[in-house]
Amino acid sequence: MPVLLLLVLGFALSCGIAIVVLLSRQARVRPFQLQLFRQSAEANDFTSFIPAHATGFISRPSSWLAIKSRNLKAVQSALGLHNAKPCSWLEGLAGDEKLFIAPPVRGWIIVLGSGLPEPNHDVDACFCFLLEMSRKLGRVQFFNASRILHHHAWIQADHGRILRAYAWAGRTLWNQGKPTLAEQELRLKCFDYTDPAQPFPFSMQESVTGNVEKVPLLAARWSLDPAAIDERFLEHERGVAGEWSRRY
């Protein structure tokens, strides 16, 4: 009987020691794993999908407008913003607002939010929306880049005319106008309406992925990349957030 009790005690002590060792290892590994995740996020730009307040990084929206203007009230009026309220850049980039009109940066106003029409949802609605905005505001650009679905688009409109448009969502939805010099220099690949939809050859998949990666580079050449704005500006300047008063 004493031998049996000693065996039970020894087993319990062994289990306790094993648990303590395991917990101590996890405590050491966890910060290292978190650092690896952050490094990977920076290298692959996964932060586009992580709120800025959660990571300390500046996140890039998946869709945004760039409007050549310094007049915040004119943009607000053109969009028909309802229930308007002051909103900081960081709050707007968090993605919780239907529409966020950012303060002007280098002569451009960025608009983002879940309320923006997108070509993959309704390409005709997106077309009508951009035409109307450009009639009211002049030069208007739209960008879309989804790293998950690989949907992407870039559109230029000026005073009621579409100068250049390309939108892809599993197939080409919109291809209008000649590729700009910036598109050519970045070697963006634009497919015809007749090109096969998904599934497609590996070479096409590489081109689609490359397009998504290069949308921010194109935005920087055409106007402005939201993720390239100085973080000190984001903390202190405030724009306007709200909802649609009507749908396009």
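**Which strand does strand E1 (residues 63-68) pair with, and in what sense?** Strand E1 joins strand E4 (residues 108-112) in the antiparallel sense, over five bridges. Two strands pair if DSSP finds at least two bridges between them. Strands (E, at least two residues) and helices (H or I, at least four) are DSSP runs, numbered from the N terminus. Look for Trp64: its bridge partner in E4 is Leu112.

Before moving on, note that this is a predicted model, where local features need pLDDT of at least 70, side-chain atom pairs count only at pLDDT 80 or more, and totals for chains, interfaces and linings use all residues. Residues are numbered from 1 along each chain as its sequence is written, and side-chain values use heavy atoms, leaving out hydrogens and water.

**The open sheet has nine strands.** Their order is E2-E9-E3-E4-E1-E5-E6-E7-E8, with antiparallel pairing. At the edges, strand E2 (81-88) and strand E8 (172-176) each pair on one side only.

**Gln156 sits in strand E6.** Gln156 counts as buried because its relative accessibility is 16% (buried means under 20% relative accessible area, exposed over 50%, partly exposed in between, with a 1.4 Å probe and protein chains only). Leaving aside residues up to four places away in sequence, Gln156 touches several residues, including Val140, Arg161, Thr180 and Trp222 (contact means heavy atoms within 4.5 Å).

**Cysteines: the count comes to zero disulfides.** A disulfide is a pair of cysteine sulfur atoms within 2.5 Å. For Cys128, the nearest cysteine sulfur belongs to Cys126, 9.5 Å away. Cys128 counts as partly exposed, because its relative accessibility is 45%.
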